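Dear colleague,

Please find below the structure that I am handing over to you. My notes on the contact between its parts follow.

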Amino acid sequence: MQRLVLPLPGNEIFATRLASQCDSELGRVEARRFPDGESYVRLHGNPSGRPVDLVCTLSQPDPQFLSLIFAAETARDLGASEVNLIAPYLAYMRQDKRFHEGECVTSLSFAKLISGVFDSMVTIDPHLHRHPQLSGLYTIPTATLHAAPLLADWIAQNIKDPLIIGPDEESEQWAGAIAKRIGAPHKVLHKTRFGDRSVDIEVPDLSEFMDRTPVLVDDIASSGKTLAVAARKLVAQGLRKPECVVVHALFADDAWNELVPLFSRITSTEAVPHLSNGIKLTPLFAEAIVKGLKD
Ligand code: R5P
């Protein structure tokens, strides 16, 4: 039976390409608020007897969440044979432990809520830190895709003599994989975080790379402070104005305006719709969906 792809509002461009690449039917989710703030959700497309793929990148998880759950419950109620979540950006991955007494471990709570409603999930480069795999959090089958090969190929095609730089130890996994694929050198910086919008970064001596273009790569640009501090420190060492390539373009609040003057160019994947999007992901997602949505 032909699959039905249903984008939550804001996910239509990604979902349209995905549906065409999976040879699925494209439907629509109508979602709005009643005057009292409650959510109204209506599915356009018939889920009966077929797999339904709800597309919702979770870059605004709190306002999006209830509509997403209502849409999933409705698809099941109307007879979908399975209800899957296609979430290019998976939220609530960073609070993966109780750092202070009484805190909610939101990674775990969010995973329980999603696992209770969907049959499976596919995402790309979730921020896995203390849990090496999503199966440490999610009880449903998940497929974890990786953007590093696509980032690497984009860099190889668009940037001459790159020096790949990860702004912190966690970015070694992306920086190392990208550098290896394109045969470029790479370095990883050391970051200390003091608060949500406050970081410091130590940069080693990079004087041997003065003739290269520094390319900062990271999974997430959120407040943008990690990238901003790293870019300023590289230029202070005498390196060229860097390029930036990120997977998830969250750019919270005024992050974009702060970052634009610091980089020669900022490029992101289409995991989160943003004017910096330049790297397509739908072929990767389509392949995973057609293969069966499993790691
Ligand atoms: C954290 O370790 C991630 O890899 C990113 O570096 C981080 O989420 C970026 O956050 P921000 O843009 O707020 O500095």
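Into which domains is the protein chain divided? Domain 1 covers 4–146 + 280–291 and domain 2 covers 148–270, with bounds from an automatic or database domain assignment. This is a predicted model, in which local features need pLDDT of at least 70 and side-chain atom pairs count only at pLDDT 80 or more, while totals for chains, interfaces and linings use all residues. Residues are numbered from 1 along each chain as its sequence is written, and side-chain values use heavy atoms, with hydrogens and water left out.

The C-alpha centres of domain 1 and domain 2 are 28 Å apart. Their contact (heavy atoms within 4.5 Å) draws 16 residues from domain 1 and 14 residues from domain 2.

Between them, the two domains bury about 1300 Å², 57% of it on carbon and sulfur atoms; this is the accessible area (1.4 Å probe) lost on putting the two parts together, summed over both. On the domain 1 side, Tyr89, Asp125 and His127 lose the most area to domain 2, together 40% of what that side buries.

The count between the domains is 1 salt bridge (a side-chain nitrogen of Lys or Arg within 4 Å of a carboxyl oxygen of Asp or Glu). Glutamate 270 forms a salt bridge with arginine 17, with the closest N and O atoms 2.0 Å apart. Helix H1 (12–22) and helix H8 (282–291) are the elements that give two or more residues to the side of domain 1 touching domain 2; helices here are DSSP runs (H or I, at least four residues), numbered from the N terminus.

With kind regards
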